[in-house]
Amino acid sequence: MPNSNVPRHENDHSTAGSHPPGGVQPQTFGELVPLGGGDPIPLLRATLVVGRRESCDIVLRFPNVSGAHCELSISDGHWVVKDLGSSNGTKVNGSRVTEQQVESGDKISFGRNVFEIFYNPALLGAEGTGGGDHQPDVFATSLLSAAGLERRRTNRDAKPRH
């Protein structure tokens with residue numbers, strides 16, 4: 001008997017890790033990974049409704065998830081989460097939000113259920129993520145100096161010579 005609390009998404013396959021006939025994987029726009037364990041949920045469309053109702057794109061059968069809990073959508077190459085008036089709220093990295101852009105690696109909570117979102121903004125059309133940006137050389141200064149903890153050496157700090 002299948003566990004009724006296991007997240008289901010609209011294009012769910014009967015076995016975990018299976019692929020559609022022909023071995024071609026559907027295009028995904030990222031994935032939600034449940035932090036409490038379970039299979040990742042692929043984000044298969046640019047707009048998805050998350051909730052407890054069977055009509056939702058991502059169905060989470062938990063009592064603390066509202067019927068239509070929130071909407072995930074892509075805007076300018078980034079995922080945006082928008083709470084749809086849920087009872088238990090939607091949080092991003094622990095802070096309750098009504099609407100918020102989320103970065104890859106952020107934690108999104110639907111009620112008490114926490115997921116980590118992973119995606120590549122460059123593949124979703126984000127500007128400025130193509131690698132042409134100048135990256136600072138992290139090894140150019142010491143960690144103490146970068147943190148503002150390095151003390152300037154004075155003559156008093158020098159060891160006396162005997």
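**Reading strands, sheets and burial**

Author: Glu 116 is found in strand β12, residues 113-118. Strands (E, at least two residues) and helices (H or I, at least four residues) are DSSP runs, numbered from the N terminus. This is a predicted model, in which local features need pLDDT of at least 70 and side-chain atom pairs count only at pLDDT 80 or more, while totals for chains, interfaces and linings use all residues. Residues are numbered from 1 along each chain as its sequence is written, and side-chain values use heavy atoms, with hydrogens and water left out.

Reader: Is Glu 116 buried or exposed?

Author: Buried means under 20% relative accessible area, exposed over 50%, and partly exposed in between (1.4 Å probe, protein chains only). Glu 116 has a relative accessible area of 18%, so it counts as buried.

Reader: Which residues is Glu 116 in contact with, leaving aside its neighbours within four places in sequence?

Author: Contact means heavy atoms within 4.5 Å. On that basis Glu 116 touches Glu 31, Leu 32, Val 33 and Leu 35, together with Gly 105, Asp 106 and Lys 107.

Reader: In what order do the six strands of the open sheet run?

Author: Two strands pair if DSSP finds at least two bridges between them. The order is β3-β2-β12-β11-β8-β9, with antiparallel pairing. At the edges are β3 (41-42) and β9 (95-97), each of which pairs on one side only. Strand β8 (residues 90-92) is joined to β9 by three bridges, and Val 92 has Ser 95 in β9 as its bridge partner.

Reader: Which strands does β7 pair with?

Author: Strand β6 (residues 70-75) pairs with β7 in the antiparallel sense over six bridges. Within that pairing, Glu 71 has Lys 82 of β7 as its bridge partner. Strands β6 and β7 form a hairpin with two residues between them, and Asp 76 in the turn has a positive phi of about 50 degrees. The pairing of β7 with strand β10 (residues 99-102) is also antiparallel, over four bridges. Here Lys 82 has Glu 99 in β10 as its bridge partner.

Reader: Why is strand β7 described as largely enclosed by the rest of the structure?

Author: Strand β7 covers residues 78-83, and five of its six residues are buried, so the rest of the structure largely encloses it.

Reader: How many helices and strands are there in the protein chain?

Author: The protein chain has one helix and 12 strands. From the N terminus on, the elements run β-β-β-β-β-β-β-β-β-β-β-β-α. Of the 162 residues in the protein chain, 31% are buried.
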